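This report covers domains, the chain interface and model confidence, in that order.

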Amino acid sequence: MTTTARPPLQTAPPTAPRRRATREGGTLRRVVGLLVLGAGALVFLFPFYYMIVGALQREPDPTPAGAFPDPGNLTLDNLAAINARVDLLRTLLNSAIFTGGVIVLTLVLGLLAGYALARLEFRGRGLVFGAMLLTLVLPFQLLMIPLYVMIVRTYGLADSYLGMILPFAVNATAVFIFRQFFRSLPADLFEAARVDGASELQILLRIAIPMSRPAILTAVIVTFIGPWNEFLWPFLVTKQASMQPLAVALANFITTVAASMANPFGAILAGATVLAIPAVVVFLVFQRHFLQTDISAGIKG
Amino acid sequence: MSAIATSGTTRRPLQRVFGRHPIGALFALPYAIFWVALFAWPLGLAVYMSFYDYFFAAPGAEVERPFVGLANYVQAFGDPSVRRAALNVAIFILINVPLTVALAMVLATALNSAIPFRTFFRAAYYVPYVTASVAMVSVWLWLFSSGGLVNQILGAAAPDPSWLVNSFWAMPIIALFATWKQLGFYVLLYLAALQNIPDTLYEAAMVDGAGVVRRFFAVTVPGVRQATTLVVILATIVGANFFTEPYLLTGGGGPNGASVSPVLLMYQEGIEQGDAGYAAAIGVVLAVVVMAISLTYRFVFEREDA
C-alpha cells in the first residue's frame with residue numbers, strides 16, 4: 001500500500017480514466033480478457049445446454065459425440081415419460097401457489113414495515129430494525145427442526161400451502177428494499193401530504209405505493225426465485241404427491257422411481273428443464289433488478 | 001393550521017408513549033408478529049428442545065419428554081457422524097474458498113475492462129445462481145454418473161468407484177458443484193468492490209513501473225479485501241447448510257456418510273429417526289460455531305485494515 005502515499009502530481013497522464021488506460025493496453029490484453037471470459041461462459045452455460053440435449057435424446061448418449069446430437073435422435077418423449085410419473089401441470093401449479101403466496105405475504109408485510117422504518121418515528125423502530133437484521137445473521141437451518149415441530153406436528157399444517165408459505169414470510173430482503181426506496185423519496189412529499197391532512201395510511205396507499213412500482217417489481221422478482229427453487233422446506237412439509245411443488249416432486253422422482261426406468265436421465269432432465277425455465281426466463285428479462293439487489297443485500301449481510 | 005395544532009394536542013399522550021408517529025408501530029406490527037411467531041419462538045424452541053429428550057410419538061399419544069440437561073450436546077460431540085459432518089464442512093471451505101476467490105477475482109477483473117459482450121458474460125455467470133439446485137443437480141448427476149460424459153472423456157483415468165459413490169471424491173464434487181453454482185454471485189460482488197478502488201492507485205502503481213500482474217496483486221487484491229472476507233464468511237455458512245446437494249447428488253450423504261452435511265444429519269436424526277431434541281442440539285451447535293467463525297473472520301480482517 002506504499003503507492004497511496006505518492007502525490008498525484010507525479011502521475012504522468014494526469015487523470016486518464018482506467019477504462020481508457022486498459023484500452024491503450026493494446027489488443028493483446030483484450031483478446032486474453034475475452035478468452036478468459038469466453039472460457040468462463042462455456043463452463044457456466046454448458047450444463048444448461050447439456051440439460052436440454054439430455055432432455056431431448058431418445059437414446060441417452062453420454063459419449064462426447066452425444067453432446068452434439070443427431071437430430072434424428074431428438075424427441076419430446078422424455079417429457080411425456082416424466083409427466084406420466086410426476087404430474088407436471090399439478091406440480092407447476094403447486095410451485096406457483098407456493099411462490100405466489102410467499103410473494104403476496106412478503107409484499108404486504110414488507111411495504112408496511114418498510115414504510116414505517118423509513119418514514120415514521122415511533123418507539124420501537126430501532127428494535128424492529130434490529131430484529132430484522134437478526135434474521136439475516138442466524139441460519140434458517142437452525143429453525144428447521146422447531147419449525148417442523150410447530151407447523152407439521154403442533155398445527156397440523158403438513159401437506160398444506162399455508163405450511164409451505166408461512167416460514168418464508170419473515171423476509172428481511174423485501175423490507176430492506178422498501179425501506180431503502182422510501183428513504184430515497186423526498187421528505188417534503190410526505191410532509192406536504194401530512195399538512196394537507198392525509199393520514200399515514202392514505203399517504204402509504206395513495207402516494208408511496210404508486211410511486212414504488214420499480215421497488216415492488218424488484219421485490220417480486222427477487223422473492224420469486226427463493227420459493228420457486230426451494231427444496232428443503234416444502235420437502236419436509238409435503239408428503240402427498242398432489243401437494244408437492246415441482247422441485248420436490250422431481251427430487252423424489254430422482255431418488256425413488258428413476259432407477260426403474262429405461263431412460264431415467266432423459267426423464268429427469270426433461271423435468272429439470274421444466275423446473276429451470278421459469279426462473280431463467282424471469283432472470284433474463286429482469287436482470288437489472290437481480291444484479292443490483294443481491295449485491296447490496298450481500299454486502300449488508 | 002389551528003386544526004392541526006389542536007389535533008396535535010389531543011394526540012400528545014399517545015405520542016409521548018409511542019413516538020411522533022404512533023401509527024408506525026401499527027404498520028410494523030404484522031411483520032413483528034410474524035417475526036415472533038416464525039423466528040423468535042422457533043429459535044427459543046430449538047434451544048428448549050435441545051435440553052429435552054424430545055422425540056416424535058404417534059399422533060394423539062401422551063408421552064413424557066424428560067429434561068436431560070446437556071446429554072444431547074454430549075452425544076453430539078461424541079458422535080462420529082457429527083465429526084464427519086464437521087470435517088466435510090472443513091473440506092468444503094478448503095476447496096470452495098480458494099477456488100471462488102481466485103476465479104471470481106480474475107473474471108471480475110476481466111469484466112471490469114472495456115470488453116465487448118460484457119452484459120452477456122455477466123448474465124452467463126449468474127444464471128446457475130438463480131436456477132433451482134434440484135435442476136442443476138440433475139445435470140451433474142448425469143455428467144458424473146459412472147458411464148457419464150466426464151468418465152467417457154477421462155477413459156481409464158476415471159476414478160473407481162465413480163465420483164458420486166466414491167468416498168474420497170463425493171465431498172469434493174459437492175464443493176465443486178457449489179463453487180460453480182455460486183461463482184456468478186461472487187463475480188458481481190468483486191465487480192462492485194472493484195468500482196471502489198480509486199483510479200489514482202492504479203495510475204500511481206503504473207508510474208512506479210508496476211506491470212499488469214504486479215498491479216493486480218498490489219492494488220486489486222488488497223482493494224477488494226472486504227469482498228474476500230464476505231466470501232469466507234458466506235462459504236462457511238453455505239458449507240454448514242448444505243442439504244439438497246448431499247441428499248440428491250450423492251444419494252443421501254454419500255458412501256458411509258462421506259458427504260454428510262450438518263443439516264442432512266439434522267434431517268436424518270430429527271425427522272427420519274424422530275429424535276428431534278438431538279437434532280435441535282446439533283442445530284444449536286452449528287449456529288453457534290458458524291456465528292463464532294464469521295465474527296472471528298470479521299474481527300481479524302477488520303483489524304488488519306485498521
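## Domains of chain A

Chain A splits into domain 1 (26–75) and domain 2 (87–300); the bounds come from an automatic or database domain assignment. The C-alpha centres of domain 1 of chain A and domain 2 of chain A are 33 Å apart. Six residues of domain 1 of chain A and seven residues of domain 2 of chain A make the contact. Two residues are in contact if their C-beta atoms, placed from the backbone, lie within 7 Å.

The side of domain 1 of chain A that touches domain 2 of chain A holds four nonpolar, two polar and no charged residues. Here Ala, Val, Leu, Ile, Met, Phe, Trp, Tyr, Cys and Pro count as nonpolar, Asp, Glu, Lys and Arg as charged, and the others, Gly among them, as polar.

## Basis of the model

This is a predicted model: local features need pLDDT of at least 70, side-chain atom pairs count only at pLDDT 80 or more, and totals for chains, interfaces and linings use all residues. Residues are numbered from 1 along each chain as its sequence is written, while chains are lettered from A and ligands numbered from 1 in the order in which they are written.

## Interface of chains A and B

Chain A brings 93 residues to the contact, and chain B brings 89 residues. Helix H2 (residues 27–56) of chain A gives the most to the side of chain A that touches chain B: 14 residues. Helices (H or I, at least four residues) are DSSP runs, numbered from the N terminus. By class, that side of chain A has 66 nonpolar, 16 polar and 11 charged residues.

## Confidence

The predictor gives the complex an ipTM of 0.88 and a pTM of 0.88. Over residues 1–9 of chain B the pLDDT is below 50. Beyond near neighbours in sequence, this stretch of chain B has zero contacts in the model.

Key. Helices (H or I, at least four residues) and strands (E, at least two) are DSSP runs, numbered from the N terminus. pLDDT is the predictor's confidence in each residue, from 0 to 100.
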